[in-house]
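Open the model in your viewer and keep the selection tool at hand. This tour tells you what to pick and what is there.

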Amino acid sequence: MAGSTQSKPGMKVHAIHSLAAEVDKSQQPKVQVFIVRHGQTSENALRIIQGHLNTNLNEEGIRQAKLCGKVLSKISFDTIWSSDLNRCIQTRDTALQSHLERLPDSRIHTTELLRERGFGDVEGYDYQTVVRTLRQRKLTWESVGESTQAFQKRLLKAWDEVISEARMDDVKRVIIVSHGGSIFCCSTVWCKAIDFGLFLGAISSLIHILIKRRGFVLSDQINTGVINNLLNTSITIVNVTLKSDGSVLDGEVVEFNNAYHLKLPETEDGSIEEEIVDNF
């Protein structure tokens with residue numbers, strides 16, 4: 001039992017590389033989109049609602065981004081997209097350093113469209129205090145800051161810009177750095193969560209609307225029976241199949257909330273052992 005537990009993180013990270021390899025070998029025109037949540041901030045640790053607050057990674061967040069970068073360094077990306085808030089830019093610059101050095105500026109995009117939902121006056125307050133206040137006043141998340149409709153609209157706009165660039169410039173693999181938040185992963189509850197006014201972060205909201213509005217599906221390999229939080233520097237992967245004319249045929253979420261790189265053995269300087277990554 002102990003042996004299987006120890007091998008699990010490596011197996012889960014290997015799955016990410018296997019999914020990338022499958023798309024590389026595919027005969028169908030596909031765009032593979034990696035979506036990474038930013039590393040931890042001090043506000044994350046204190047469960048403070050950040051929204052559009054321009055917070056920075058803390059020491060743990062930088063460590064997480066470095067570990068995520070070790071895994072991503074083995075994968076080739078054609079273009080990079082990121083929220084314009086510091087915590088995402090810092091995660092991108094730390095995790096994707098080798099990619100940033102290789103890619104031209106025209107393939108590196110920073111946009112406010114990928115920001116977390118704006119929470120107006122409750123930004124800067126801890127999550128439990130806000131939830132308690134909303135319940136006491138019989139209000140929902142919809143009543144503070146950016147509306148769900150506006151939030152979803154700009155996330156879809158960002159997604160469409162990503163896919164449009166991919167179609168026009170023959171991009172095979174994209175990486176997006178954005179924001180997380182509390183989610184409900186059960187396939188039934190999750191897809192109705194926003195309707196009930198529950199708080200979903202940018203990445204989980206994007207997946208939600210791709211499934212609900214664009215007909216994307218979840219892979220059978222994804223465990224949708226648990227409720228969890230989107231982990232810092234977790235990796236989500238969406239495969240998009242294109243028609244011969246470049247329009248979208250279908251989409252599948254093939255990996256969700258994978259942060260097993262944070263459980264791999266580390267060297268004294270906090271990086272993943274090179275030989276472990278190379279063996280994936």
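A nonpolar core is a set of buried Ala, Val, Leu, Ile, Met, Phe, Trp, Tyr and Cys residues joined through side-chain atoms within 4.5 Å. Keep in mind that this is a predicted model.

**Stop 1: the core**

Select V31, I35, W159, I176, V238 and V240. The largest nonpolar core has 33 residues, and these six touch the most other members. Now colour the elements that give two or more residues to this core: β1 (30-37), α7, β4, α9, β6 (235-242) and β7 (248-258). Which element gives the largest share of this core? Pick α7: eight of the core residues come from there.

**Stop 2: a cavity**

How many cavities of 30 Å³ or more are there? The count is two. Go to the second largest cavity, with a volume of about 30 Å³. Select its lining: I35, L114, L155, I176, S178, A202, I203 and L206. Of the elements, α9 gives the most, with three residues. Colour the lining by class. You will find seven nonpolar residues, one polar residue and no charged ones.

**Stop 3: salt bridges**

Side chains of opposite charge can pair when their charged atoms come close. The structure holds seven salt bridges. Visit three of them.

Begin with R63 and E60. Their side chains meet at 2.8 Å, N to O.

Next, select R92 and D93. This salt bridge spans 2.9 Å, N to O. R92 counts as buried, because its relative accessibility is 10% and the cut-off for buried is under 20%. D93 is partly exposed, with a relative accessible area of 35%.

Then move to E142 and R117, whose side chains form a salt bridge at 3.6 Å, N to O. This pair links distant parts of the chain, 25 residues apart. Where does each partner sit? E142 is in the loop between α6 (127-136) and α7 (148-168). R117 is in the loop between β3 (108-111) and α6. Check the surface again. E142 counts as partly exposed, at 36% relative accessibility. R117 counts as buried, at 3%.

**Stop 4: cysteines**

A disulfide is a covalent bond between the sulfur atoms of two cysteines. How many disulfides does the model have? The count comes to zero. Select C68 and C88 to see where two cysteines lie. C68 is buried, with a relative accessible area of 1%. C88 is buried as well, with a relative accessible area of 0%.

**Before you close the viewer**

The core takes eight residues from α7. The second largest cavity takes three lining residues from α9, and α9 also gives two or more residues to the core.

Terms used
Residues are numbered from 1 along each chain as its sequence is written. This is a predicted model: local features need pLDDT of at least 70, side-chain atom pairs count only at pLDDT 80 or more; totals for chains, interfaces and linings use all residues. Side-chain values use heavy atoms; hydrogens and water are left out. A disulfide is a pair of cysteine sulfur atoms within 2.5 Å. Buried means under 20% relative accessible area, exposed over 50%, partly exposed in between (1.4 Å probe, protein chains only). On a 1 Å grid over the protein atoms alone, a cavity is a set of points where a 1.4 Å probe fits but cannot get out, and a pocket is an open set with protein on both sides within 12 Å along at least five of seven lines; lining residues have an atom within 4 Å of a point. Grid points are joined across faces, edges and corners, and a volume is the space filled by probe spheres set on the points. Helices (H or I, at least four residues) and strands (E, at least two) are DSSP runs, numbered from the N terminus. Ala, Val, Leu, Ile, Met, Phe, Trp, Tyr, Cys and Pro count as nonpolar, Asp, Glu, Lys and Arg as charged, and the others, Gly among them, as polar. A salt bridge is a side-chain nitrogen of Lys or Arg within 4 Å of a carboxyl oxygen of Asp or Glu.
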